[in-house]
Amino acid sequence: MASTRASLPITKASQLLELDSPFDRLTNLACSIFGLPHAMISIIDGERTVFRSNVGLGQDELPRDMTLTNHIVSLGPDALVMVEDGQADPRTCDHVMVKGPPYLRFFAGVAVVGRDNRPIGAIGVMDVRPRKPLTTRQVETLKMLGQMAADLFQQADSTRAQREQIALLKLAEEVAGVGHWRVDLTTGETTASDEVVRIHGVEPGSAQASDVDMYAQYEPEDLERLQGLLARAAETGEGYETTIRLRRLDDGGRRLTRARARVQRDENGRPRVIFGVFQDITDATEAEQRLKDSEAALSRQVATLNLAQGVAGLGVWRLDIATGAVAWSDEVYRIHGVDRASFDPSYDDAVGFYHAEDQPRVKAWIEQAIQGEEPGEFRLRIIRADGEERVVLSRCRRELDAQGVLIALVGVFQDVTERERAHEIVAASEARFRTLADHASDVIAIFNLDGVFRYLSPAITRVMGWAPEDLIGMRSWDLVHTDDHEVMRAAYRAHLAAEPGALSPRIRYRGRRKDGSWAWLEAQPTVLRDRNGAPIEIQDSVRDISAAKALEEALTEARDAAEAAARAKGDFLANMSHELRTPLTSVIGYSGLLKDREGLGPTERLFADRIATSSQALLSVINDILDYSKLEAGAIELETAPFDPRELAARALSIVEPQAAAKGLALDWRLGDGTPQALCGDEARLGQVLLNFLSNAVKFTEAGGVRIEGGWASGRLRLEVIDSGEGIDPAKIERLFERFTQADSSTTRLHGGTGLGLAICKRLIELMGGTIGARSTLGEGSVFWFEVPAQEADAAMTLSDPAVPGALDVEGLRVLMADDNAGNRELFRVMSAAWGIELETASDGLEALQRAKDGGLDLILMDLHMPVMDGMDATRAIRQLEGAIGQAPIIALSADVQPEQMAVCHAIGMDGHVAKPINVETLLREMSRVVQAGRAAPEYAL
């Protein structure tokens, strides 16, 4: 655009617009994007704030403590400051540019961040009128401009530093760092200055300097070229200049050098001496390359600013008041459909592009701006050079000199034709939409991309208590619970970024009712787009899900309560196991020692037998309770592996053999000829069921015998335990497999037991996919049986226990036992003496760790539950010790026999696990296995 005076001299745009100044382009772009008359880019310099570029502020610098830039910098790299009315805001009401020209009222600015992520300045936009805060999108745009300003500062700093470096290097070339050399062609003697020697990586005056072959340090192709130049100089007397790549002798570093040579002739004109200078130019060459790279980056940054204008669809124009010259940016030329090379617009040309009906309005708008009034913006029609009619929007600001005199009008120019057409389309469809929305049960809302409501259906009154007119013009965010803002923003951003036609997300959030209460709502937004796919507004369907949400929360609370109860039950069982098994270790151990003691009288031996029997009965009760609890919680996992069914039967009978022998009962087993040598299944759990059947059979049989019969057919293993006992009433058979049930209540009083054994067996067999049952005849005996799927396996894969060594030799071992129970420590001390073990004890994990640091241990027995430091932490600490000390084998002694606990012990670096109460044979076998196996230094999870 130009002044109202016609036919004024024309000056090229590049002479009037400072298009080559990136900072000025950035402030002009900021004014254009936000439609505001003022913008600035500032930087803190000591105690002052310097305006690197500003639009219409009339100031080049101010004291630092008087500026908002100082405030922004103090807030950190993510700072954002917005002042809606400078006169009312205590931070700015006394500011020189609020109380005086240009009388600013509105300000929005963000930090400009330096290389070390510390703020160095600010970028901001301003208005002389109060304004509402920037929208989220506008804030993001301002931050983007702030990043561009930071990039420009960094590029400027890099370029300045590199230019200074090159200047210093050139000065060094002139005054120092340049060596000289000389070759006497008559004698062949070569001499070089100290600097030449240093460049080659040799210390002058050293022994190495006297016989170093400098030529051997040159790249072969460079050496060949140099030798050719020397030969030519010797022959023709022609000097030379060349570059040589060499490898220094001291550090092997590669350097680039430059050699210049001249020739001195004798009195006959023949070449006599070749002399010259030798210089390391590596740093200078690299600095020059960095400068070139920096200048290229700066050029790219300027190009990015130009690209930003094109992407935003914004052009810039300027009218010089003194000359009347008009200047357009490339985007303005494009909008008018003309080319810069062939068209140089005058003021009359610029006005002439407008529709005849709109030209008077353009002239009046320009005159109003020149006279100092706020012209606002216009939306008018232009006729392009190709005859197409377009709708354009323009805004301008007044540019003043240091004395406040108007020197130019600078404005932005944008083609908004597509936007106007889109609004027309939306207006037409909105009428149809309102008819449908007014009768919908869900709330229908339409809001701009900044979240401001444009329409709300009448259902809002029923759902939230608001009348539609209460909310029109409000931001949707003002009704959303602050805890849900981030989730809402992320969901809307993702939906806006999705391809057109993408499924609408369902977004749950809390909305504020008119009475102040909160309702749970579910929104399903749809993005409305223009013909080019650009989003223009959002249509939302919202329903009240408060009742459904309350039900979900109730179900969640119930689930959490159930899980908490399960955890509490697990913790209780683990604690109960520890508290019961720990004292049982002493009871069983001391009773065993007492029974083995020579010279024990019959009565005392009877007492010892009773103690041992009772403690084993108590252990059986504990095991039943824990097993059933784990079954109830679904915490038992089956382990399928090859096993020998005949060995399974024989081993089970061997366990009950002492009890049977005491009652004079015969034991026997027989499996069918078709039974494979190896089957696949959980041998431990099958053995547990079989042993339960056998224990009951021996318990309830007073004469005769007990035998195992069975076989395998069609992929299923069947085993039966047959006794000659008193038998069971057939009417009570089915109830035997229920928990806490025995055939007769007197049985519990007579034989003991929890009534859980058969219930556990039933659950285990069913877990394997099998069946279980019993049959009996009173006075003749009973048969208990189970049948489970079991596929045939390779017999070579069955091993009785490859981990158990053949010999249990523990004599002479140096063992540390850590246990907080004094009785257990004393018990093990007595047993160790009998085994020939050299024993040391510790009462807690910390004491065990201190002893382990001294080394010399063959084995550590570690209780898990101890005061001060438990066994887990002690093991982790020992495994962090260096060398053999940290690799000493460790066996866990734990009353917690659950698989997950054993897995944790192995993961932190324990080599074995023995359950309390301790079985002497099991302990000895585990000690022998661990010591003989040694350690393979696995990766422990500490």
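**A tour of the cores and a helix pair**

In this predicted model, the largest nonpolar core has 39 residues, and Leu 690, Leu 694 and Phe 786 have the most contacts inside it. Select these three to begin. Next, colour the elements that each supply at least two residues of this core: helices H19, H20 and H22 (757-767), and strands E25 (705-713), E26 (716-723), E27 (771-777) and E28 (781-789). H20 gives the most, with 7 residues.

Leaving out residues up to four places away in sequence, Leu 694 touches Ala 652, Leu 653, Val 656, Val 706, Ile 708 and Val 721.

Then show H19 (residues 645-663) and H20 (residues 683-699) together. Their axes come within 9 Å and cross at roughly 25°. Angles under 35 degrees count as roughly parallel, so H19 and H20 are roughly parallel to each other. Their crossing is right-handed. Among the residues making the contact are Leu 648, Ala 652 and Val 656 of H19, and Leu 686, Leu 690 and Leu 694 of H20. The contact residues divide into 12 nonpolar, 3 polar and 4 charged.

Move to Leu 679, in strand E24 (residues 679-681). Is Leu 679 buried or exposed? Its relative accessible area is 0%, so Leu 679 is buried. Beyond its neighbours within four places in sequence, Leu 679 is in contact with residues including Ala 641, Phe 643, Trp 712, Leu 717 and Ala 790.

Definitions and conventions: Residues are numbered from 1 along each chain as its sequence is written. This is a predicted model: local features need pLDDT of at least 70, side-chain atom pairs count only at pLDDT 80 or more; totals for chains, interfaces and linings use all residues. Side-chain values use heavy atoms; hydrogens and water are left out. Axes are lines fitted to C-alpha atoms, for helices over the stretch in contact, and angles run from 0 to 180 degrees between N-to-C directions. Helices (H or I, at least four residues) and strands (E, at least two) are DSSP runs, numbered from the N terminus. Angles under 35 degrees count as roughly parallel, over 145 as roughly antiparallel, 65 to 115 as roughly perpendicular and the rest as oblique. A crossing is left-handed if the near helix is turned anticlockwise from the far one by less than a right angle, and right-handed if clockwise. Contact means heavy atoms within 4.5 Å. Ala, Val, Leu, Ile, Met, Phe, Trp, Tyr, Cys and Pro count as nonpolar, Asp, Glu, Lys and Arg as charged, and the others, Gly among them, as polar. Buried means under 20% relative accessible area, exposed over 50%, partly exposed in between (1.4 Å probe, protein chains only). A nonpolar core is a set of buried Ala, Val, Leu, Ile, Met, Phe, Trp, Tyr and Cys residues joined through side-chain atoms within 4.5 Å.
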